[in-house]
Amino acid sequence: MTTAPLQHLALIMDGNGRWATRQGLPRLAGHKAGVTSLNTLVEALVRQQIPYASFYAFSTENWGRSVEEVTGIFALLEYYFTQELARLKAHNIRLRFLGDHSEASPLNPRIRAIIANATAETAANTGTTLLIALNYGGHDELVRATRKVAASGQEITAQTLEAALDTAGVPPPDLLIRTSGEQRLSGFLPWQLAYTELYFTPTLWPDFGPAQLDEALAWYASRQRRFGKV
Ligand code: IPE
Ligand code: IPE
Ligand code: MG
């Protein structure tokens, strides 16, 4: 049995803080290097014509970090989805955001407007779709989806729930990559990752580049996906 072509890659970008600490730099320097790494990797994904890629950028639990770190991360995210938007558009990238971005969320109006604008500005693009998980939590997503189905009066089934998820219409990830040596999901896409191949690498996110991506893709190509069958 051969592995079907990869449709959707999910990435947990972890290890920015440790990368900085190891170099005697403040944690924020690690997040800055992480954005550079993200830029490089996005270009590699576009080159490889990967249809969907999901990136875990900020979890609902990450609010528990210091105000200084949270503020710094959001400044970088704002920079990325405004200053880098033209470049993403030039690559024919479509942006979608996963997570709670409602008025009731802890996101400030500025970042909410940036999310809405980046989504609208790239909606008609036909290249790689980037799904950015921002104020995303797996439990939160499932609760929001279940409430949506219940409020619509539909029966709760796997299909109605799936259609109410933040990833509606997107095939589930084939491969998940987590950097930094941690072997856990930390709340990322619990429904969607049910049958995903899981790849853990000790490389820290700022050091994860196209060569490391190729290694992960080669590993994926060697997997036998059985989906419960023989
Ligand atoms: C991942 O790097 C980025 C975010 C969670 C926003 P970390 O900041 O978690 O880096 P480590 O895990 O502390 O090294
Ligand atoms: C997961 O990394 C979240 C993101 C990469 C955005 P964390 O660093 O927050 O996860 P834990 O705390 O090690 O589980
Ligand atoms: Mg971490």
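# A tour of pockets, rings and buried corners

Start by selecting Phe55, Trp205 and Phe208, which ring pairs link into a cluster. Rings of Phe, Tyr and Trp (its six-membered ring) pair if their centres lie within 6.5 Å; planes under 30 degrees apart count as stacked, over 60 as edge-to-face and the rest as tilted.

Before going on, note that this is a predicted model, in which local features need pLDDT of at least 70 and side-chain atom pairs count only at pLDDT 80 or more, while totals for chains, interfaces and linings use all residues. Residues are numbered from 1 along each chain as its sequence is written, chains are lettered from A and ligands numbered from 1 in the order in which they are written, and side-chain values use heavy atoms, with hydrogens and water left out.

**Stop 1: the rings**

The structure holds twelve aromatic pairs. Zoom in on Phe55 and Trp205: their ring centres are 6.5 Å apart and their planes are at 75°, so this pair is edge-to-face. The two partners are 150 residues apart, with Phe55 in strand 2 and Trp205 in the loop between strand 6 and helix 8 (210–221). Helices (H or I, at least four residues) and strands (E, at least two) are DSSP runs, numbered from the N terminus.

Are these two residues, Phe55 and Trp205, buried or exposed? Phe55 is buried, at 0% relative accessibility. Trp205 is buried as well, with a relative accessible area of 0%. Buried means under 20% relative accessible area, exposed over 50%, and partly exposed in between (1.4 Å probe, protein chains only).

Now select Tyr80 and Phe81. Their ring centres are 5.0 Å apart and their planes stand at 90°, so this pair is edge-to-face. Tyr80 is buried, with a relative accessible area of 2%. Phe81 counts as buried at 2% relative accessibility.

**Stop 2: the pockets**

Rolling a probe the size of a water molecule over the atoms shows where empty space is left. The search uses a 1 Å grid over the protein atoms alone: a cavity is a set of points where a 1.4 Å probe fits but cannot get out, and a pocket is an open set with protein on both sides within 12 Å along at least five of seven lines; lining residues have an atom within 4 Å of a point. Grid points are joined across faces, edges and corners, and a volume is the space filled by probe spheres set on the points.

The largest pocket has a volume of about 620 Å³. Select Met13, Asn16, Tyr56, Ala57 and Asn62, the closest to its centre of the 29 lining residues. Helix 1 (16–22), helix 2 (27–47), strand 2 (52–59) and helix 3 (67–83) each give two or more residues to this lining. By class, the lining has 14 nonpolar, eight polar and seven charged residues. Ala, Val, Leu, Ile, Met, Phe, Trp, Tyr, Cys and Pro count as nonpolar, Asp, Glu, Lys and Arg as charged, and the others, Gly among them, as polar.

Move to the second largest pocket, which holds about 200 Å³ of space. Glu162, Pro171, Pro172, Trp191 and Gln192 are the closest to its centre, out of 17 lining residues. Its lining divides into ten nonpolar, four polar and three charged residues.

**Stop 3: the cavity**

How many cavities of 30 Å³ or more does a search of the whole structure find? It finds one. The largest cavity has a volume of about 40 Å³. Select its lining: Asn39, Val42, Glu43, Glu84, Arg87, Leu88 and His91. Helix 2 gives the most, with three residues. Helix 4 (85–90) supplies at least two.

**Stop 4: Thr128**

Thr128 lies in the loop between helix 5 (109–122) and strand 4. Thr128 is buried, at 5% relative accessibility. Show its side chain: a polar atom there lies 2.8 Å from the backbone oxygen of Ile50.

**Stop 5**

Go to Asn135, in strand 4 (residues 129–136). Its phi is near 55°, a positive value in a residue other than glycine. Asn135 is buried, with a relative accessible area of 3%.

Ser186 also has a positive phi, about 45°, although it is not a glycine. Find Ser186 in the loop between strand 5 (175–178) and strand 6 (197–200). Ser186 is partly exposed, with a relative accessible area of 34%.

**Last stop: Val143**

Finish at Val143, in helix 6 (residues 138–152). Val143 is partly exposed, at 38% relative accessible area.

Technical notes:
A polar contact is a pair of N or O atoms within 3.5 Å; within protein, one must be able to donate a hydrogen and the other to accept it, and residues adjacent in sequence count only if both atoms are side-chain atoms.
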